[in-house]
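This briefing covers the fold, the packing and selected residues of one chain. The sequence and the structure come first, and the notes follow by topic.

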Amino acid sequence: MIDNVFSIKILNKFSENINDIKSQLFEGLNNINFEYNSNWGKTHLLSTKTFSEDLLSQLNLNLLQSFINESLKEYCKSYDIDFKPYDMTSWIALYKSGDYAHLHNHGEADISGVFYVQTHENSGDIFFTSPSPGAEASSIYKEHKEHYNFKPVDGQLLMFPGFLNHGTHRNENENDRISISFNINFK
């Protein structure tokens, strides 16, 4: 399914292979040293500080890579964009109780995304802010909202333009939330 949000398309799709993807991920998870980004304060733990590596390839997460690739083709088709070779960077975000992600975007990425591996009730919705603030005041564009939330669910994949501002509400659950984020740049 593709949700049209702020006249911007956000792919919202679920993997049927979530248990197999989790098995592949958890095999390599113990070897990752998660750290807070000191520039952001204590927001959430990350598998990298540089965002320049492709953790999916490093951990051989081929099932998730295939799902992202298949979904990327669908997303490109929805925008009438030619699917072509691309470079990808990816990382894992670990949200302990109280953790959140501040409002940000992924800069020069053509397409960004997040895949939810482990979620729980109240573990922090992802939210997107309108790229055209104030549009919701117009009678023509009243369907536009200032914020749009997605409640994360295990196996859910969201894809969106890298320029779209987004963040994550606090994890109000005692259990950890794990997601894999990525950036795609077409060659």
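Two strands pair if DSSP finds at least two bridges between them. Helices (H or I, at least four residues) and strands (E, at least two) are DSSP runs, numbered from the N terminus. The model is predicted: local features need pLDDT of at least 70, side-chain atom pairs count only at pLDDT 80 or more, and totals for chains, interfaces and linings use all residues. Residues are numbered from 1 along each chain as its sequence is written, and side-chain values use heavy atoms, with hydrogens and water left out.

**Overall**

- The chain contains three helices and 12 strands.
- Of its 187 residues, 49% are buried; buried means under 20% relative accessible area, exposed over 50%, and partly exposed in between (1.4 Å probe, protein chains only).
- Among contacts (heavy atoms within 4.5 Å) with a separation of 6 or more, 82% are between residues 24 or more positions apart.

**Open sheet**

- β6, β11, β8 and β9, in that order, form an open sheet of four strands with antiparallel pairing.
- β6 (101-104) and β9 (147-150) are the edge strands, each pairing on one side only.
- From one strand to the next, the twist averages 20°.
- β6 and β11 (residues 166-168) run antiparallel and are joined by two bridges.
- H104 has H166 in β11 as its bridge partner.

**Helix packing**

- Helix α1 (residues 18-29) packs against helix α3 (residues 62-78) at an angle of about 130°, and their axes are 8 Å apart.
- Axes here are lines fitted to C-alpha atoms, for helices over the stretch in contact, and angles run from 0 to 180 degrees between N-to-C directions.
- α1 and α3 are therefore oblique to each other; angles under 35 degrees count as roughly parallel, over 145 as roughly antiparallel, 65 to 115 as roughly perpendicular and the rest as oblique.
- The contact brings D20, I21 and Q24 of α1 to N62, L63 and L64 of α3.
- Three of the residues in the contact of α1 with α3 are nonpolar, two are polar and one is charged. Ala, Val, Leu, Ile, Met, Phe, Trp, Tyr, Cys and Pro count as nonpolar, Asp, Glu, Lys and Arg as charged, and the others, Gly among them, as polar.

**Nonpolar cores**

- A nonpolar core is a set of buried Ala, Val, Leu, Ile, Met, Phe, Trp, Tyr and Cys residues joined through side-chain atoms within 4.5 Å.
- The largest core has 30 residues, of which L64, I68, I92 and M159 touch the most other members.
- At least two residues of this core come from each of α1, α2 (55-58), α3, β5 (86-95), β7 (111-118), β10 (156-161) and β12 (177-186).
- The most, six residues, come from α3.
- A second, separate core has 10 residues, including I10, V114, I126 and F160.
- Leaving out residues up to four places away in sequence, I92 touches residues including L25, L29, I32, F34, L55 and I178.

**N122 and N173**

- N122 lies in the loop between β7 and β8 (126-129), and N173 in the loop between β11 and β12.
- N122 counts as partly exposed because its relative accessibility is 43%, whereas N173, at 15%, counts as buried.
- Not counting residues up to four places away in sequence, N122 touches K151, R170, N171, E172 and N173.
- With the same exclusion, N173 touches S97, H120, E121, N122 and S123.
- From C-alpha to C-alpha, N122 and E174 are 9.5 Å apart in space, and 52 residues separate them in sequence.
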